[in-house]
Amino acid sequence: MQQEEIKNVPATLGDSVNALSTFAGIDQFGIIGGLGPLIMRGAIPLSNRFYIDRIPVNTIQHFGALHSVVNNDIIDKIDVYSSNAPSKFGNSVLGGIAEIQTVDSVKKFGAHIEIGLLSSNASIASPILTDGKNPDSSIGYWLVAGRYGYLSAFLPPILEALGTKGPLPQYYDYQSKGKFYLNKYNSVSVMALG
């Protein structure tokens with residue numbers, strides 16, 4: 001699934017990981033309208049493996065399954081292996097594998113802000129230019145993205161009206177990536193996820 005396809009999948013709240021449930025052999029199981037952890041090949045969610053640029057990530061969704069932990073704007077594509085996974089992933093998986101590959105080229109400055117009912121997303125990216133104007137003179141790029149969930153901001157009045165109290169979901173995530181071209185054939189990438 002390519003970046004442009006991810007946001008256009010219906011009934012997924014525009015979320016990258018929830019969009020995976022449209023593939024054959026992948027489903028979501030939950031008590032609220034089908035939202036829940038991903039089920040690949042019928043295996044329990046802990047049997048699935050998720051990778052972001054070959055970095056293993058244990059929890060790919062916030063608060064059950066409201067949002068993925070990766071901003072859609074930094075995703076280039078997602079490859080799903082619900083069976084016959086490549087050997088580069090080893091043989092430690094019982095379910096499926098989802099490999100998220102992030103953007104690996106930034107040609108011009110760009111920013112995106114999205115405000116929703118449950119959270120807000122923002123991303124910003126720019127090439128690192130040597131002469132300041134020519135995109136071909138880029139010596140690398142940087143990008144930063146993040147999400148802040150604000151269920152804890154509007155749930156207290158609802159819970160108070162219902163006469164109940166309990167722990168409130170609080171979540172956020174951030175991603176940053178930089179790439180520097182050492183020469184025509186070599187580069188160094190640095191990535192931080194939280």
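User: How many helices and strands does the protein chain have?
Analyst: This is a predicted model, so local features need pLDDT of at least 70 and side-chain atom pairs count only at pLDDT 80 or more, while totals for chains, interfaces and linings use all residues. Numbering runs from 1 along each chain as its sequence is written, and side-chain values use heavy atoms, with hydrogens and water left out. Helices (H or I, at least four residues) and strands (E, at least two) are DSSP runs, numbered from the N terminus. On that basis the protein chain has 3 helices and 13 strands.

User: What percentage of the residues in the protein chain is buried?
Analyst: Buried means under 20% relative accessible area, exposed over 50%, and partly exposed in between, with a 1.4 Å probe and protein chains only. Of the 194 residues in the protein chain, the buried share is 38%.

User: How far apart are the end C-alpha atoms of helix H3?
Analyst: H3 covers residues 151-162, which is 12 residues. The expected span is 1.5 Å times one less than the number of residues, so H3 should span 16 Å. The model agrees, with the end C-alpha atoms lying 16 Å apart.

User: Which strand pairs with E3 in the parallel sense?
Analyst: Two strands pair if DSSP finds at least two bridges between them. E3 (residues 49-52) joins E4 (residues 55-57) through 3 bridges, but those two run antiparallel, with Phe-50 bridged to Val-57. On the parallel side there are 4 bridges, and Arg-49 has Ile-97 as its partner. That strand is E8 (residues 97-102).

User: Which residue in the hairpin of E3 and E4 takes a positive phi?
Analyst: The hairpin has 2 residues between the strands. The one with phi near 50° is Asp-53.

User: Is Val-17 buried or exposed?
Analyst: Val-17 sits in helix H2 (residues 16-19). Contact means heavy atoms within 4.5 Å, and beyond four places in sequence Val-17 touches Leu-38, Ile-60, Gln-61 and Ser-68. Its relative accessibility is 1%, so Val-17 counts as buried.

User: What separates the C-alpha atoms of Val-17 and Ile-78?
Analyst: Along the chain these two are 61 residues apart.

User: Which strands are at the edges of the open sheet of 5 strands?
Analyst: The order is E9-E10-E11-E12-E13, with antiparallel pairing. E10 (residues 119-129) is joined to E11 by 11 bridges, including Ser-119 with Gly-149. The edge strands each pair on one side only, and they are E9 (110-115) and E13 (187-193).
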